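Thanks for coming, everyone. Let's take a quick tour of one structure. Have a look at it first.

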Amino acid sequence: MNRKIFDLEKYGTVHKIQLNVTSYLEGNLAITMTSWEDGTPEPWNILTVNLDSIRPQNCAFIDTNNNGTEILAWIIRHGLAVPTGTYGYSGFCKYPEYRFRSDILQEIDPDGYSSYLHNWKARYGE
């Protein structure tokens with residue numbers, strides 16, 4: 001199965017990044033990043049961060065602490081998500097919440113998104 005790959009310029013190089021949809025333990029949306037350098041998958045980073053609150057479906061706080069604030073423009077440029085205007089806080093870090101497009105999540109990781117939706121709906125009944 002071919003998965004969508006996104007170009008991410010970081011550290012002076014363009015990296016080929018695959019996004020993987022999954023859930024945190026309590027059901028919140030989690031998105032991991034896999035780099036495909038030299039045709040081999042390598043864990044890259046986690047796009048989202050899990051804070052002590054239940055997020056609406058398809059919403060997640062973006063880990064700007066580990067990905068930098070430039071990741072926000074990358075998310076919007078690729079049509080992945082839009083800001084909700086909500087922020088989460090942990091320590092001295094402020095994390096913006098983004099609402100991911102369901103059609104994009106379905107496209108980039110059909111199995112992962114299906115599993116996330118199943119878990120979220122089972123837990124929160126929506």
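Is Asp 38 buried or exposed? Asp 38 is exposed, with a relative accessible area of 80%. Buried means under 20% relative accessible area, exposed over 50%, partly exposed in between, with a 1.4 Å probe and protein chains only.

A word on the model. This is a predicted model, where local features need pLDDT of at least 70, side-chain atom pairs count only at pLDDT 80 or more, and totals for chains, interfaces and linings use all residues. Residues are numbered from 1 along each chain as its sequence is written, and side-chain values use heavy atoms, with hydrogens and water left out.

Back to Asp 38. It sits in the loop between E3 and strand E4 (40-46). Helices (H or I, at least four residues) and strands (E, at least two) are DSSP runs, numbered from the N terminus. Asp 38 is not a glycine, yet its phi is positive, about 60°. Most residues other than glycine have a negative phi.

Next, Tyr 11. This residue also has a positive phi of about 60° and is not a glycine. Its place is the loop between E1 and E2. Tyr 11 is exposed, at 66% relative accessible area.

Now Tyr 89, in strand E7 (residues 81-90). Tyr 89 is exposed too, at 55%. Leaving aside neighbours within four places in sequence, Tyr 89 is in contact (heavy atoms within 4.5 Å) with Leu 51 and Lys 94. Gly 79 is 10 residues from Tyr 89 in sequence, and 25 Å away in space, C-alpha to C-alpha.
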